[in-house]
Amino acid sequence: MTDFAVWAPTPAVVGLDVDGVIHPMDRSEDGWWRTAVDVAPGARYGYLLDDDPQLLPDPRSARQPDGVHARSAVWDEAGLTWTDGDWAGRSVQGAVIYELHIGTFTPAGTFDSAIARLDHLVDLGVDFVELMPVNAFSGEHGWGYDGVLWYAVHEPYGGPDGLARFVDACHGRGLGVLIDAVFNHLGPSGNYLPRFGPYLSQARNPWGDAINIDGPDSDEVRRYIIDCALRWMRVFHVDGLRLDAVHALVDTTAINILEELAAETEALAAELGRPLSLIAESDRNDPRTITRREDGGYGIAAQWDDDIHHAIHTAVSGERQGYYADFGSMATLATTLRNGFFHAATYSSFRRRRHGRPLPTSQIPATRLLAYTCTHDQVGNRALGDRPSQNLTAGQLAVKAALVLLSPYTAMLFMGEEWGASTPFQFFTAHEDPQVARATAEGRKAEFADHGWSADEIPDPQDPETFTRSKLAWGELEAQHHRQLLQVYRELIALRSEAGSPWLSELMIDYDEDTRWIAMRRGPLLLICNLSADVVSVPAHGELVLAWGSPAIGPEATQLPGHSFAVLRPAQRPGK
């Protein structure tokens with residue numbers, strides 16, 4: 001017998017339909033409906049609410065073979081085969097994380113085809129693979145942030161069995177796996193949860209209705225989120241989650257849902273006997289997110305740090321539009337690298353208000369912040385989805401990589417950046433509802449028209465070619481200039497183990513605003529970078545460890561060509 005249970009406090013009657021046979025369900029006082037039915041693996045089922053003939057998928061469905069609007073399928077995790085019994089896990093703090101999108105990582109766009117490329121990541125030296133959302137969403141392809149059935153694995157990628165094979169293969173190669181989980185909103189197509197109960201609140205966030213995590217009857221909704229999060233780690237053996245846009249989780253309760261989730265993740269880690277990590281995406285610059293629970297924080301292991309991205313990208317590229325307006329100077333770059341946050345109770349011209357809070361660098365190590373030069377957001381949310389490699393020189397790309405990978409922060413790469421991939425990563429969707437499809441395409445064009453782009457220039461997210469052109473072109477690795485950049489990434493990652501302490505108090509920064517060089521000293525290594533196109537003289541010298549370009553090291557100074565870096569082992573500390 002298989003037990004079926006669904007939380008549905010809203011309808012007066014709930015029926016279970018298994019392969020066309022309807023079974024009555026019993027309701028308990030807490031709003032749960034239950035029954036037990038003898039079914040075969042793979043049986044298709046759904047729920048009927050009151051007298052509505054529309055069959056709805058299970059809110060906790062494990063598998064949706066025919067998409068999010070169709071019947072759910074019975075799936076038994078006991079059928080999975082694991083070979084990762086020796087996997088001891090690892091902490092994300094101080095690691096190198098590689099973000100990828102399953103659908104565009106390989107031509108086939110599946111878990112199984114991604115397995116064939118894992119040795120590339122091992123050779124690169126990364127520690128974790130971070131998957132963009134793999135929960136079930138409407139349509140064949142998309143970024144995954146419009147998920148509506150959070151417990152199910154997107155079927156075109158390979159479904160739950162494919163995900164398990166992928167995780168097992170990663171662990172067999174010494175790679176941890178993180179999954180991007182979106183709990184702050186639901187997608188516009190296929191969201192049937194409000195039919196079952198009060199899953200949504202009256203609040204809004206930029207992507208739609210917010211989730212009810214602090215209103216009446218919200219306890220079960222919180223449980224829905226937490227159970228989903230723990231399930232990825234327990235059932236699929238993943239090593240942690242990246243939590244999307246936690247600033248959009250509206251929670252006025254005394255125990256914030258992030259703190260509750262961190263506590264339960266810690267308990268599961270103790271039960272499983274291996275580390276489990278939560279990484280938050282937050283634009284608040286609030287240290288409480290990554291402060292330990294025993295010290296009054298939420299206890300999240302790490303968070304994305306867009307200030308570091310903005311400071312590096314603007315200083316190297318010269319871009320200043322939008323939220324880049326406050327960044328770009330060498331002083332801003334140095335301040336951000338030294339302090340973790342640039343906006344720390346300081347005025348943000350983009351937000352037109354004070355923003356952030358200073359990071360207590362004596363209490364929080366730099367490894368709780370993620371540094372990166374690219375993410376799916378910072379590439380895909382540009383009008384054309386263009387990568388830095390499409391606009392910058394190879395030397396500029398190498399400088400950006402050196403600043404991230406030799407910093408004390410946990411580092412993250414976005415798929416393909418390690419070889420300067422020339423393919424864009426554009427915003428693509430495949431909504432089946434014509435109205436949603438039209439609204440998505442028109443909204444994208446209108447958004448960038450407000451920033452001066454012609455509507456004709458903006459790729460149509462519904463055009464299949466937008467998806468196809470976003471796939472990585474692995475053949476590029478045959479070209480010498482791509483291989484050269486890849487080799488520098490490998491060597492920078494290898495040097496991280498020598499680079500010293502995770503504490504920002506031990507990081508030494510020097511720079512020159514006019515000539516646009518910056519020097520960063522960590523432990524025995526000194527990184528000097530020339531962000532200008534001209535040759536500069538940096539008051540530093542020592543044994544050359546690694547370089548991009550051909551530096552000339554003298555007894556008192558190093559001559560750096562334009563857009564280049566050098567890593568030295570100096571006899572003494574440099575600069576002023």
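Helix axes are lines fitted to C-alpha atoms over the stretch in contact, and angles between them run from 0 to 180 degrees between N-to-C directions. The model examined here is predicted.

Two packed helices are described by the angle between their axes and the distance between the axes. Helix H11 (residues 394-405) packs with helix H14 (residues 480-495) at an angle of about 15°. Their axes lie 10 Å apart. Angles under 35 degrees count as roughly parallel, so H11 is roughly parallel to H14. The crossing of H11 and H14 is right-handed. H11 supplies Ala394, Leu397, Ala398, Ala401, Ala402 and Leu405 to the contact. H14 supplies Leu485, Tyr489, Leu492 and Ile493. By class, this contact of H11 with H14 holds 10 nonpolar residues, with no polar and no charged ones.

A second pair is formed by helix H8 (residues 306-317) and helix H9 (residues 330-339), whose axes come within 9 Å and cross at roughly 150°. Angles over 145 degrees count as roughly antiparallel, so H8 is roughly antiparallel to H9. H8 passes H9 in a left-handed crossing. On the H8 side, the contact is made by Asp307, Ile308, Ala311, Ile312 and Ala315. On the H9 side, Thr332, Leu333 and Thr336 take part. The contact of H8 with H9 divides into 5 nonpolar, 2 polar and 1 charged residues.

Helix H4 (residues 159-172) was examined for length and burial. At 1.5 Å a residue, its 14 residues should span 20 Å. The end C-alpha atoms of H4 are 20 Å apart, which agrees. H4 is mostly covered, with 11 of its 14 residues buried. Among the buried residues of H4 are Leu163, Phe166, Val167, Asp168, Cys170 and His171. The cover over the buried residues of H4 includes helices H2 (111-115), H3 (118-124) and H6 (218-235). It also includes strands S9 (128-131), S11 (147-153) and S12 (176-181). Gly174 follows H4 and has a positive phi, near 85°.

Gln64 is a loop residue, found between strand S6 (44-49) and strand S7 (72-73). Buried means under 20% relative accessible area. Gln64 counts as buried because its relative accessibility is 2%. Gln64 and Val153 are 89 residues apart in sequence, yet their C-alpha atoms are 7.7 Å apart in space. Leaving aside neighbours within four places in sequence, Gln64 is in contact with Pro57, Ala70, Arg71, Ser72, Leu149, Ala152 and Glu155.

Key:
Residues numbered from 1 in each chain as written. Predicted model: local features only at pLDDT ≥ 70, side-chain atom pairs only at ≥ 80, totals over all residues. Heavy atoms only, no water. Helix = DSSP H or I, 4+ residues; strand = E, 2+ residues; numbered from the N terminus. Parallel < 35°, antiparallel > 145°, perpendicular 65-115°, else oblique. Left-handed = near helix turned anticlockwise from the far one by under 90°. Contact = heavy atoms within 4.5 Å. Nonpolar A, V, L, I, M, F, W, Y, C, P; charged D, E, K, R; others polar. Expected span 1.5 Å × (residues − 1). Buried < 20%, exposed > 50% of the residue type's maximum accessible area, 1.4 Å probe, protein only.
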